[in-house]
Amino acid sequence: MGKNHLRVFMLGTSENLNAKENVYAIAFMENKAIEMAKEKHFKGILTTNTNPLMEDFGKSYLGYQTMLEYHISRYVDGDGNRPFASAHDTQKVVVMYKPLK
């Protein structure tokens, strides 16, 4: 992807916020990242989601496309260990991309 793409790695809110406030806070941060990327003439945004709500929000409202979906229970490290083998199969990492015009 190189220097022409913005990588959004991690967004977080306060645990003192209720569910509605959390959605508003994340939407605000996501929209600011998109705005900044456009202002700086990036070609697109790459992000990684581990939260199903953010995955759905990114697809449904922000125009992100899923590039890779990986269930963490299947992860094998360099030594052949599966440190997350007991994780529920619904826990996944989703890599998403949003092209900018």
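1. Fold order. Along the sequence, the chain follows the pattern β-α-β-α-β-β. That comes to 2 helices and 4 strands. Helices (H or I, at least four residues) and strands (E, at least two) are DSSP runs, numbered from the N terminus.

2. Basis. This is a predicted model, where local features need pLDDT of at least 70, side-chain atom pairs count only at pLDDT 80 or more, and totals for chains, interfaces and linings use all residues. Residues are numbered from 1 along each chain as its sequence is written, and side-chain values use heavy atoms, with hydrogens and water left out.

3. Overall dimensions. The C-alpha trace spans about 45 × 35 × 20 Å along its principal axes. The accessible surface of the chain is about 7100 Å², and carbon and sulfur atoms hold 54% of that surface. Areas come from the Shrake-Rupley method with a 1.4 Å probe; for residues, only the protein chains shown count as cover.

4. Burial and contacts. Of the 101 residues, 30% are buried. Buried means under 20% relative accessible area, exposed over 50%, partly exposed in between (1.4 Å probe, protein chains only). Take contacts between residues at least 6 apart in sequence: 68% join residues at least 24 apart. Contact means heavy atoms within 4.5 Å.

5. Strand β2. Strand β1 (residues 5–8) runs parallel to β2, joined by 4 bridges. His 5 sits opposite Gly 44 of β2. Between β1 and β2 the chain passes through helix α1 (residues 19–39), a right-handed β-α-β crossover. Right-handed means that, with the strands pointing away from the viewer, the path from the first strand over the helix to the second runs clockwise.

6. The antiparallel partner. β2 also pairs with strand β4 (residues 92–99), antiparallel, over 6 bridges. Leu 46 has Tyr 97 in β4 as its bridge partner. Two strands pair if DSSP finds at least two bridges between them.

7. Glu 55. This residue belongs to helix α2 (residues 52–60). Glu 55 is buried, at 8% relative accessible area. Neighbours within four places in sequence aside, Glu 55 contacts Asn 49, Glu 69, Lys 92, Val 94 and Met 96.

8. Tyr 70. Strand β3 (residues 65–71) contains Tyr 70. Tyr 70 is partly exposed, with a relative accessible area of 36%.
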